[in-house]
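The following exercises are to be worked with the sequence and the model at hand. Each task is followed by a solution in steps.

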Amino acid sequence: VALKGGNVEAGHRIFMEKIEASCARCHKVKNEGAEVGPNLTNVASRGDREYLLESIVNPNAKIAQGFETVMITLDDNSLHAGILKAETPTEVSLMPPGGALETLPKARIKSREFGPSGMPPLASVLSKRELRDVVEYLSSLK
């Protein structure tokens with residue numbers, strides 16, 4: 001029901017203006033929105049309509065690379081959480097919420113767990129028609 005037949009303009013309005021969904025508060029398209037989550041300027045080239053719909057209703061299904069939330073416990077039992085930004089053979093770099101990039105030595109990592117997506121599922125926030133319009137809008141972003 002929500003895969004085809006939507007309205008691009010209505011989807012754009014929902015994406016940018018619907019407070020309950022707050023898409024533009026985290027995602028950027030061209031020069032509009034924020035860069036908390038993945039930039040969606042060319043999102044239609046990264047997946048089909050099913051991928052787009054799944055990303056909206058079940059954001060934990062496939063978290064975009066570079067936006068994985070990680071919780072790391074070091075050997076002193078200190079907990080560090082944030083978005084995994086870089087990893088080398090000796091270090092892990094996290095971007096904590098509202099903080100500065102934090103680089104941790106791998107030799108001190110006691111445990112590492114991946115957390116859920118920072119994006120809430122929007123199926124309960126958007127009607128089926130609104131979902132269809134947003135999918136139509138996102139599928140136009142090539």
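**Exercise 1.** Which residue in S7 does Thr73 stand opposite?

*Solution.* The model is predicted, so local features need pLDDT of at least 70 and side-chain atom pairs pLDDT 80 or more, whereas totals for chains, interfaces and linings use all residues. Residues are numbered from 1 along each chain as its sequence is written, and side-chain values use heavy atoms, with hydrogens and water left out.
Step 1. Strand S3 covers residues 69-74 and pairs with S7 in the antiparallel sense over 5 bridges; strands (E, at least two residues) and helices (H or I, at least four) are DSSP runs numbered from the N terminus, and two strands pair if DSSP finds at least two bridges between them.
Step 2. Thr73 stands opposite Ser111 in S7.

**Exercise 2.** State the strand order of the open sheet and identify its edges.

*Solution.* 
Step 1. The 5 strands are arranged as S6-S5-S4-S3-S7, with antiparallel pairing.
Step 2. S6 (102-105) and S7 (109-114) each have a single partner strand, so they stand at the edges and one side of each lacks a neighbour in the sheet.
Step 3. S4 (residues 79-87) and S5 (residues 91-95) pair over 4 bridges in the antiparallel sense, and a hairpin through 3 residues joins S4 to S5. Glu87 stands opposite Val92 in S5.
Step 4. S5 and S6 run antiparallel and are joined by 4 bridges, with Ser93 opposite Thr103 in S6. Their hairpin has 6 residues between the strands, and Gly98 there takes a positive phi near 65°.

**Exercise 3.** Are Phe15 and Tyr137 buried or exposed?

*Solution.* 
Step 1. Buried means under 20% relative accessible area, exposed over 50%, and partly exposed in between (1.4 Å probe, protein chains only).
Step 2. Phe15 has 2% relative accessibility and counts as buried. Tyr137, with a relative accessible area of 5%, is buried.
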